[in-house]
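Here is a friendly walk through a structure, meant to be read with the model open beside it. Please load it and follow along.

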Amino acid sequence: MADILVLVEHRRGEIRDITFEMLMKGKTLSEKTGKPLTALLLGNDVGEMAEGLKDLANRVVLIEDPKLENFNSEIYQRVLGNVIEQEKPFLLFIGHTAFGMDLAPTLATQMKAPLATDCTDVMVDDDQIRAIRQTYGGKLNVEVRLKPAPCSMVTVRPASVSVEDYSLAGEITRVTSPLTEEIASKRFLEYVEAAAGEVDITQANILVSVGRGIKDPENIPMVQELAKSLGATLSCSRPVVDKKWLPKDRQVGTSGKTVKPTVYIAIGISGAFQHIAGMKGSGTIIAINRDPKAPIFNVAHYGIVGDLLKIVPALKGKISEAFA
Amino acid sequence: MEIIVCIKRVPETADADIVIDRTGRDIEKGGLVFDINEWDNYAVEEAILLKEKYGGSVTVISMGPEEVNETLRRALAMGADQAIRLTDPAFEGSDGYTIARVLSQAIKPLSYDLILTGVQTEDDGYGQVGPTLAEILGIRHAAVVNQIEGIESGRTRVHRELEGGLEEILDLELPAVLTIQTGINEPRYVSIMGIRKVAKKEIKVLGLRELAMKPEEAGEPGSLTVVEMVSFPPVGEGAQILEGTMDEISDKVVTILKEKGGVA
Ligand SMILES: Cc1cc2nc3c(=O)[nH]c(=O)nc-3n(C[C@H](O)[C@H](O)[C@H](O)COP(=O)(O)OP(=O)(O)OC[C@H]3O[C@@H](n4cnc5c(N)ncnc54)[C@H](O)[C@@H]3O)c2cc1C
Ligand SMILES: Nc1ncnc2c1ncn2[C@@H]1O[C@H](COP(=O)(O)O)[C@@H](O)[C@H]1O
């Protein structure tokens with residue numbers, strides 16, 4: 001049918017934002033190419049979810065099975081392989097998320113489908129698919145061409161599409177689950193919640209956030225003092241947590257916390273998308289980085305280019321004076 | 001426990017000024033400092049920890065030019081037992097799928113229980129090679145693993161990192177590919193002495209022919225995606241860069257904080 005297919009991502013009864021972002025992108029491409037937009041929903045007892053998605057696609061293909069209760073790439077792949085054979089989609093969208101990173105590469109390989117991962121944009125001209133993806137931690141844009149194939153796949157970077165209201169008044173098509181026997185080679189056992197930390201950085205009015213640019217854990221107290229002089233809370237990027245310089249509850253980003261303080265000061269943070277996705281909703285963003293091309297400057301409102309080891313103490317001095 | 005770890009040597013660009021090369025399809029690599037891909041360093045450490053716990057051996061494999069020997073030696077110094085380098089002019093321009101294809105040809109004749117890769121590379125950042133390799137080899141996989149609980153009766157229990165601090169626990173049949181997330185362990189320090197000790201260790205080198213591949217199966221011809229061109233990301237609104245002496249800049253920040261942050 002050569003549709004544009006969007007794989008709905010949901011977890012514990014909630015549709016995840018990436019789904020709406022992919023549908024939005026799919027709708028734009030659908031208008032341009034005249035190919036219908038189909039949302040593909042796999043799950044157990046998710047009829048209500050399908051109802052909620054009806055307006056956002058021309059069609060919702062719904063496959064329900066108790067075996068689809070929790071995400072399991074192997075079971076999903078079995079079902080999707082089947083759907084692709086039947087539907088023969090032109091292009092399949094999957095999120096570049098923990099879910100999609102586990103599923104898309106193996107599914108694409110099975111289907112011999114060209115796959116472009118972590119795309120920030122997708123273009124179609126005369127059935128030729130091109131995608132924009134970023135390399136070198138967001139410092140370079142790469143335009144890739146997908147070689148012609150019966151079905152192509154892209155995974156979409158979270159928060160790279162802005163979602164607007166629209167209504168397509170689609171309908172629901174139920175498809176019988178092709179699953180027969182149990183698949184025991186990969187079993188989902190349970191979820192583990194993040195341990196509650198000591199501080200809740202999502203509640204802070206001002207966050208002073210430190211990244212790998214700090215180089216040495218001995219330099220962290222300096223940033224801590226800057227935060228203190230502002231009545232701000234200290235947060236950080238992932239490598240600072242990986243190195244155990246600060247606890248996990250301080251981490252901003254997709255695998256940490258999403259924060260929206262009035263002011264976010266990013267110090268020695270390059271601005272990888274996993275970090276930016278967690279802080280770009282902040283009121284005012286000030287970035288300090290010695291690399292003028294650091295991607296963080298693309299989302300910051302104000303930038304200071306220079307050595308943080310010099311800037312932080314100077315700032316702290318002035319701020320203590322001003323807000324004493 | 002036979003463990004294979006796929007590692008890549010990548011340029012460090014977080015702090016560097018990058019320049020687009022003459023082809024317009026890549027960057028100048030000349031002046032850049034290279035090191036093991038951050039995620040792969042954690043994967044090597046995890047493999048060695050598993051070897052220390054369950055016995056067996058660790059083989060590191062990397063596809064790339066001669067300089068990659070340095071990265072392989074670094075892994076040997078950490079405690080890996082064997083190193084293999086895959087190299088051929090025909091590999092140039094390989095996409096994520098084709099890199100996995102080349103790796104799979106080297107891995108097929110080996111015996112293994114576990115294959116570890118990084119979640120993603122710092123340069124290409126496909127997040128694709130590990131699971132693709134599993135599919136080509138016809139074995140199980142789990143992506144974004146941040147804990148390996150244990151290995152028992154041909155199965156392993158692992159944690160996958162999801163969003164927002166949530167994790168899921170999976171039970172997986174071996175052999176399997178696990179893509180390793182940063183923070184899973186604390187990679188050991190590699191001393192110059194340690195690297196010197198392994199300087200004479202043999203690194204097996206395999207090319208297209210040894211891997212029984214045809215030229216059209218590798219590089220751009222064998223790939224399903226092709227890089228057309230690269231460019232610098234548009235800056236969008238972009239940040240207003242504060243200029244002046246350190247004193248002037250600090251004063252501006254104070255003003256911004258007063259206006260926007262409600263700091264008084
Ligand atoms: C599945 C997954 C989930 C992830 N989740 C998260 C997440 O939740 N949060 C997160 O942050 N990351 C996350 N990451 C990691 C992310 O991809 C990046 O690796 C990370 O954000 C980089 O952190 P950084 O900016 O501190 O370090 P780097 O990228 O190394 O940047 C350091 C910066 O400091 C600057 N610098 C260095 N020295 C100085 C100096 N003296 N003065 C001024 N500037 C200096 C450099 O120019 C550079 O821009 C995730 C990755 C994956 C694969
Ligand atoms: N050239 C290579 N040689 C060996 N392993 C690689 C190579 N490229 C990628 N890998 C492995 O695949 C992982 C994911 O890479 P990528 O799909 O490019 O993000 C890396 O962390 C490595 O473990």
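Predicted model: local features only at pLDDT ≥ 70, side-chain atom pairs only at ≥ 80, totals over all residues.

Residues are numbered from 1 along each chain as its sequence is written, chains are lettered from A and ligands numbered from 1 in the order in which they are written, and side-chain values use heavy atoms, with hydrogens and water left out.

**Where the chains meet**

Chain A brings 87 residues to the contact and chain B brings 87 residues, where contact means heavy atoms within 4.5 Å. About 7,400 Å² is buried between chain A and chain B, with 55% of that area coming from carbon and sulfur atoms. Buried area here is the accessible area (1.4 Å probe) that two parts lose on being put together, summed over both. A:Tyr136, A:Tyr302 and A:Phe323 account for 10% of what chain A buries against chain B, more than any other three residues.

The interface of chain A and chain B also holds 13 salt bridges, each a side-chain nitrogen of Lys or Arg within 4 Å of a carboxyl oxygen of Asp or Glu. One of them joins A:Arg11 to B:Glu163, with the closest N and O atoms 3.2 Å apart. Between chain A and chain B, 44 residue pairs are in polar contact (both at pLDDT 80 or more). A polar contact is a pair of N or O atoms within 3.5 Å; within protein, one must be able to donate a hydrogen and the other to accept it, and residues adjacent in sequence count only if both atoms are side-chain atoms. On the side of chain A that touches chain B, helix α4 (residues 98-111) of chain A gives the largest share, 8 residues. Helices (H or I, at least four residues) and strands (E, at least two) are DSSP runs, numbered from the N terminus.

**Strands across the chains**

Strands also link the two chains: β9 (residues 140-146) of chain A pairs with β12 (residues 225-231) of chain B, antiparallel, over 6 bridges. Two strands pair if DSSP finds at least two bridges between them. Within this pairing, A:Glu143 has B:Met229 in β12(B) as its bridge partner.

An open sheet of 6 strands, with parallel pairing, runs in the order β14(A)-β13(A)-β15(A)-β16(A)-β17(A)-β13(B). At its edges are β14 (233-236) of chain A and β13 (240-241) of chain B, each pairing on one side only. Strand β13 (residues 206-210) of chain A is joined to β14(A) by 4 bridges, and A:Ser209 is the bridge partner of A:Ser235 there.

**The ligand sites**

Which chains surround ligand 1? Residues from chains A and B do, so the site is shared between chains. In total 32 residues surround ligand 1, the closest being A:Ser237, A:Gln251, A:Ser255, A:Ser270 and A:Asn289. A residue is near a molecule if one of its heavy atoms lies within 4 Å of it. Ligand 2 has 19 residues around it, and B:Cys6, B:Asp40, B:Thr121, B:Gly127 and B:Gln128 come nearest.

| Ligand atom | Residue atom | Distance |
|---|---|---|
| Ligand 1, oxygen | A:Arg238, backbone N or O | 3.0 Å |
| Ligand 1, nitrogen | A:Arg290, polar backbone atom | 3.1 Å |
| Ligand 1, nitrogen | A:Asp307, polar side-chain atom | 2.8 Å |
| Ligand 2, oxygen | B:Asp40, side-chain N or O | 2.4 Å |
| Ligand 2, nitrogen | B:Met63, polar backbone atom | 3.0 Å |
| Ligand 2, oxygen | B:Thr121, side-chain N or O | 2.8 Å |
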